[in-house]
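Have the model open beside you as you read.

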Amino acid sequence: MKDMFARLVGKKVDKGYFKNVFGMAMPLLMYGALYITWFSIIEKHRFSHYAVIHTAIDDRIPFIEAFIVPYYLWFFYVSLTLVFFIVTLEVEDYYKNFFFLTTGMTLFLIISTLFPNMHHLRPAVMPRDNIFTALVQIIYSKDTAANLWPSIHVYNSIGTMIAVRRSKKFNKRWKIASDILGTLIILSTMFVKQHSVYDVVTAFAMAVIFYIFYYRTSAMENFYRRKEEKLAFRYN
């Protein structure tokens, strides 16, 4: 089992390996705690005013409860991709993906705190009674219709699609599957009435900006190179 895992990650699985894995995972764990705490506070807090997010296109998009399946899959899609980069010690892929995601998530928290927003897109009564509408109602009960702009479901899906597409660890089939799943997740945010088209479009705009910064600038490339060289030195 240990030998099979070692072949998968491409590294010798020893104390040094686990030390490196822990070192890469620590920023993610710390940020996760910060994000959950901050998000929980703004979700429970009742602001005096909320800006209502709405576009005319929202009214033309039907409610399709089956799309709740890819909506739920987002939680695994984003997190498992990051975990994969950590356990395989893919330093550049990991840090590009990590910084991309956390920057957008932090900006979302700041916007939600300073510019509270909400929408009225959710159906007052479910049009049908089935397993999918039951899953939608679970999401509705756990996640309020406030603080939804820009869509982190969309932004993180784009970030994960980019990370998988650019990684050498994934073959063509995995990249195509990732693109399909990411696209379905993005569509799901509108079909289950969790987000407005405005949330989606602004998430795309934000993704373009941070893609350029984290994937196309020499300063960040130098940072990734130093991290990789430090890890390579430990294994030589």
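Where does H3 bend, and by about how many degrees? The bend is at Trp-74 and comes to about 30 degrees, taken as the angle between axes fitted to the seven residues ending there and the seven starting there. Helices here are DSSP runs (H or I, at least four residues), numbered from the N terminus. This is a predicted model, in which local features need pLDDT of at least 70 and side-chain atom pairs count only at pLDDT 80 or more, while totals for chains, interfaces and linings use all residues. Residues are numbered from 1 along each chain as its sequence is written, and side-chain values use heavy atoms, with hydrogens and water left out.

Just after H3, Leu-89 has a positive phi of about 55 degrees. Among the buried residues of H3 are Tyr-71, Trp-74, Leu-82, Phe-85 and Ile-86; buried means under 20% relative accessible area (1.4 Å probe, protein chains only). Their cover includes H2, H4, H5, H6 and H7.

On H6 (residues 152–166) you will find His-153, which counts as buried because its relative accessibility is 6%. Beyond its neighbours within four places in sequence, His-153 is in contact (heavy atoms within 4.5 Å) with Tyr-71, Trp-74, Phe-75, Ile-185 and Thr-189.

Notes. Helices (H or I, at least four residues) and strands (E, at least two) are DSSP runs, numbered from the N terminus. Buried means under 20% relative accessible area, exposed over 50%, partly exposed in between (1.4 Å probe, protein chains only).
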